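Please read the points below with the sequence and structure open beside them.

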Amino acid sequence: MGVNKQKKQRSASFLKQGSLLAMASLVVRLIGMIYRIPMANILGDGNGIYAVAFDIYDIILIVSSYSLPLALSKIISSQHSRREYKNMGKTFRLSLCFAVASGGIFGTALFALAGLIEEHIYPAYAGLRIPLRVLAPTIFIVAILGVFRGFFQGKNTMVPTAVSQVLEQVVNAVVSVAAAYLFMKWNADSLVRSAWGAAGGTLGTCLGALTALMLVVFVYCIYRPIQKKMERRDRSRRVYTTAHIYRILFLTILPIILSQTVYQISGLIDYYLFSDVMGAKGVGDKVISSLTGIYSSNYRTLTSVPIAISTSIASSMIPSAVAAYTQRDIGQLRYNILSGIKFNMIIAFPCAMGYTVLGQGIVRLLFPSMDYDLGGHLMMAGSAAIIFYAISNVTGSALQSIDKMRIPVIHSAISLVLHVIIVITLLKFTGLGIYVLIIGNVTFPIVVGVLNILALKRYIPSFRLKPLKTFFVPLSASLWMAIAVVIIYVSASRLFGMAFGASVTNALAVCISLLVAVFVYFVVFLKLRGMTKQELFDFPMGRRLYLVARKLHLMK
């Protein structure tokens, strides 16, 4: 009993940190959704340009520096568990040098090659070079920002990352909307007016990242004397050379880069294949840009919210899992991974089910000026991807924690090959159109998740999922929630439809349905004993939720 209690207490630490980062990600994504509403309405056809520009930026960011926080947190966590404080400080400083070099090189390259990318790779998106050149400095800023975030995450504190993410998104939201509007107004007579609007949106990304960097640098300056004090007290003779640290850094970063690049490049390949095949079928460039804009602004923006939460939980799990693996505590390692998967499923299932039954209403509420019928259908068709991305994210992080860095890369590469075959075949031989991208987006994480789980069973002794509480309980609770939501949404639509217009009626019906969804899921999930009292305490505001559960006689 004592061992189990100790494991639960140690697991609670990562779950609380994961909850904090997940809450920050939720706030960030909600702000992102809110500002993307006016942004999408302002940009119009420019949404396609904005989406492609960001996918190119994401690819370069992954190659140059996106992997730094994850890789550095893994290295720092391992050194921290062995109390190698001198190595921690040296690793941080060398990583900072690496970030400056890689961010500078790739940022300059993007700025210089933006015109060639537009002319030779994406000619259907006129003016693409403009937002790409605005994004170029952001690569340098985010590279340095990632080092500071990775350092603090490796010490198992997510507060600097969480706060900086929220502040970054607030600045991003304000600047993006204002700059998109002003840039389009100032370039009203330009043939690439939409591209200038997209550039305004990317300016917000740049200034948001700069604000976040200023914050984490300030926090590090406050913490630096403590780090220096620990380094002075470190009597360890095992101080790594510069070459050794860079070797560890590269060996850790490279698999993460490859894994993330494979995932991100699937989006760019989708845009390219869709543009190429549909163009060959006689579909005009404007229609192609409009469809990809709806797919990106509606479907990908909304599904990115729960996926970001999943990514946050997976990232926060790594330091704790690495420490358990370093100390050869396989029992604690299993417990952490299973807790991470279960936590993800508790969030992913209701989100996916909610989008399935309420997707049409949500898209109509958030994006009224766009084709919300198509956007809603895309949501309903592809919401299941949320569940599979959650599984692939957390299992991939688990494999990285046990030094099986190449395995997720291989699995992602296998999935990408199948993904490309599926997308090309369906685009060429069916009339599914933009729905092909939805199918590809769902199948990609399914393959990765299944292969990752099989690998975990192979490399971790006695690793077994608990399907009842991990999958079936949240699924059952989500189904009851979905039934309640449909009844409430239809009833509210009829009731308010007699007094208000279509837009107001939909907004009221959606808001009421969401409140009912949260309540029903909470009640049914606890009725099915999907969570213990201690697990509930690990959630944000867990003790308050427990008091509510007791009053409703859901827990003792």
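1. In this predicted model, Arg93 and Glu231 form a salt bridge, with 3.8 Å between the closest N and O atoms. The two residues are 138 residues apart, so this pair links distant parts of the chain: Arg93 belongs to helix H4 (residues 85-120) and Glu231 to helix H7 (residues 193-233). Arg93 is partly exposed because its relative accessibility is 39%, between the limits of 20% and 50%. Glu231 counts as buried at 11% relative accessibility.

2. A salt bridge also joins Arg129 to Glu118, and here the closest N and O atoms are 2.8 Å apart. Arg129 is in helix H5 (residues 129-154) and Glu118 in helix H4, so the bridge ties together parts that are eleven residues apart in sequence. Arg129 is partly exposed, at 30% relative accessibility, while Glu118 is buried, with a relative accessible area of 12%.

3. Glu168 and Arg149 form a salt bridge with their closest N and O atoms 2.9 Å apart. Because Glu168 lies in helix H6 (residues 159-186) and Arg149 in helix H5, the pair ties together parts 19 residues apart in sequence. Both Glu168 and Arg149 are buried. The count of salt bridges comes to three.

4. Another point concerns charge on the surface. Lys466, Lys469, Lys527, Arg529 and Lys556 form a positive surface patch. One of its members, Lys527, sits in helix H16 (residues 502-527). Lys527 counts as exposed because its relative accessibility of 56% is over 50%.

5. Arg529, also in that patch, is placed in the loop between H16 and helix H17 (533-537). With a relative accessible area of 64%, Arg529 is exposed. Its phi is positive, about 60°, although Arg529 is not a glycine.

6. Of the 556 residues in the protein, 56% are buried. The protein exposes about 23900 Å², and carbon and sulfur atoms supply 67% of that area.

7. Contacts can be sorted by separation in sequence. Among contacts between residues at least 6 apart in sequence, 83% join residues at least 24 apart.

Conventions
Residues are numbered from 1 along each chain as its sequence is written. This is a predicted model: local features need pLDDT of at least 70, side-chain atom pairs count only at pLDDT 80 or more; totals for chains, interfaces and linings use all residues. Side-chain values use heavy atoms; hydrogens and water are left out. Patches are made of residues with over 30% relative accessible area and no salt bridge: like charges are joined within 9 Å, nonpolar side chains (Val, Leu, Ile, Met, Phe, Trp, Tyr) within 5 Å. Accessible areas come from the Shrake-Rupley method with a 1.4 Å probe; for residues, only the protein chains shown count as cover. A salt bridge is a side-chain nitrogen of Lys or Arg within 4 Å of a carboxyl oxygen of Asp or Glu. Lys and Arg count as positive and Asp and Glu as negative; His and the chain ends are not counted. The place of a charge is taken as NZ of Lys, CZ of Arg, CG of Asp or CD of Glu. Helices (H or I, at least four residues) and strands (E, at least two) are DSSP runs, numbered from the N terminus. Buried means under 20% relative accessible area, exposed over 50%, partly exposed in between (1.4 Å probe, protein chains only). Contact means heavy atoms within 4.5 Å.
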